[in-house]
Amino acid sequence: MSKKLLLTLAGEAVWPPPMWLMRQAGRYLPEYRAVRATVPDFIALCTTPALAAEVTLQPIRRYGFDAAILFSDILILPWALGQGLEFREGEGPVLPPIRDEAGFRALTMANLAERTAPVMETVRLVRAGLRAGNFPDTALIGFAGAPFTVACYMVEGAGSRDFAATRTMAYRNPSLFDAIVELVTEGTIEYLRAQAEAGAETLMLFDSWAGVLSPAHFRRYSIEPAKRIVSALREDYPYLPIIGFPRMAGLSLAAYAAETGVNAVGIDTGMDPALAAPLLPKGVAAQGNLDPLALVAGGEAMASGARAVLSAMKGRPFIFNLGHGIVPQTPPEHVAALVELVRGS
Ligand code: CP3
């Protein structure tokens, strides 16, 4: 096996480390904007396999990353469970918020396979495209949102700074909130299993809002669901590596890494990689964590940030990445410079 990402996820300290960037397919690339302009909305892009596969492959052709990440969105799952979803220009996602039992009862797993079928077709097309494009060493990452983060958008109905309505529901009406998280957990297991079946070589769980949880709720709504998802997938795919990203988890990252069974954890921008490394079990890979804005700035700011991450992680299994998604104002040539720097480390 010569895929550096998979060797790293198996616990090897490969060096120079494999690299890819969260949101590597996106608006900072002119070729993405060109494809995006041909569809009426973002959901159409996610559910048109030929186009979703094309934008997945664009950053691989341009930069030769060690991983392609399926082009889709974490909110495709609630959409497939029957919740309305719209992406408004400049506003982000909007969903009819679920605030009571009636809203919850309108959701159903019944159409999940059918509604997510285009995503599975995208996975197959990307695997075929990697073969045809002669990228034998590029691994394909499938993904889903982690149940808490997905529930945040389902309950809040939009993005938020602190997801106050969601977290208040978790305290005031835990039976309703638990039922939502439970349904999303079951849906996520089925959704990720289908991605593995279609050819995803590793799976990532994005828990972007884990950091807003109290310690007790972090355990209940971030660690516990991740643990269930990992153990369910291991039954059918014992060798399929899983990456967890409990963003802004702080010191709770140690418990997440030790208890969920994931093969790697994402380190967010705010975490000192030199302090994070000793928190992790030896065989658990770390992934991160250059500040996306250092990549926007480029030059010495970017280079010194990247070198600090590399030197903190040298000698342990590590995947170079950003601490959060790449932003639209990133100059594509800065990404090329970063790839050169990491490859030469
Ligand atoms: O990483 C990749 O290249 C793969 C594709 C991917 C997207 N979203 C495409 C996308 C992935 C892995 C995601 C994950 C995602 N989506 C997360 C978790 C990671 C994180 O950023 O914290 C979250 C919270 C979402 C929800 C979401 N989707 C929001 C809040 C937004 C609007 C904000 C924005 O950047 O526009 C989206 C839209 C979205 N998802 C875009 C892309 C490329 C931009 C839409 C467009 O191109 O018109």
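Reply: The account below begins with the pocket and then turns to the backbone and to one helix.

This is a predicted model, in which local features need pLDDT of at least 70 and side-chain atom pairs count only at pLDDT 80 or more, while totals for chains, interfaces and linings use all residues. Residues are numbered from 1 along each chain as its sequence is written, and side-chain values use heavy atoms, with hydrogens and water left out.

The largest pocket has a volume of about 1,300 Å³. Of its 38 lining residues, Arg23, Arg27, Phe42, Asp73 and Phe87 are the closest to the centre. A pocket here is an open set of points on a 1 Å grid over the protein atoms alone, where a 1.4 Å probe fits and protein lies on both sides within 12 Å along at least five of seven lines; lining residues have an atom within 4 Å of a point. The volume is the space filled by probe spheres set on the points, which are joined across faces, edges and corners.

By class, the lining divides into 21 nonpolar, eight polar and nine charged residues. Nonpolar denotes Ala, Val, Leu, Ile, Met, Phe, Trp, Tyr, Cys and Pro; charged denotes Asp, Glu, Lys and Arg; the others, Gly among them, are polar. Helix 2, strand 2 (86-88) and strand 3 (92-94) each supply at least two lining residues, and helix 2 gives the most, with three. Helices (H or I, at least four residues) and strands (E, at least two) are DSSP runs numbered from the N terminus.

Arginine 23 belongs to the loop between helix 1 and helix 2. Although not a glycine, arginine 23 has a positive phi of about 65 degrees. Its relative accessibility is 55%, so arginine 23 counts as exposed; exposed means over 50% relative accessible area, buried under 20% and partly exposed in between (1.4 Å probe, protein chains only). Proline 16 lies in the loop between helix 1 (4-9) and helix 2 (30-36), and a cis peptide bond with omega about -5 degrees joins tryptophan 15 to proline 16.

Elsewhere, phenylalanine 163 also has a positive phi, near 50 degrees, but is buried, with a relative accessible area of 0%.

Helix 8 (residues 117-132) has 16 residues, which at 1.5 Å a residue should span 22 Å; its end C-alpha atoms are 23 Å apart, which agrees. The expected span is 1.5 Å times one less than the number of residues. The buried residues of helix 8 include Val119, Met120 and Leu130.
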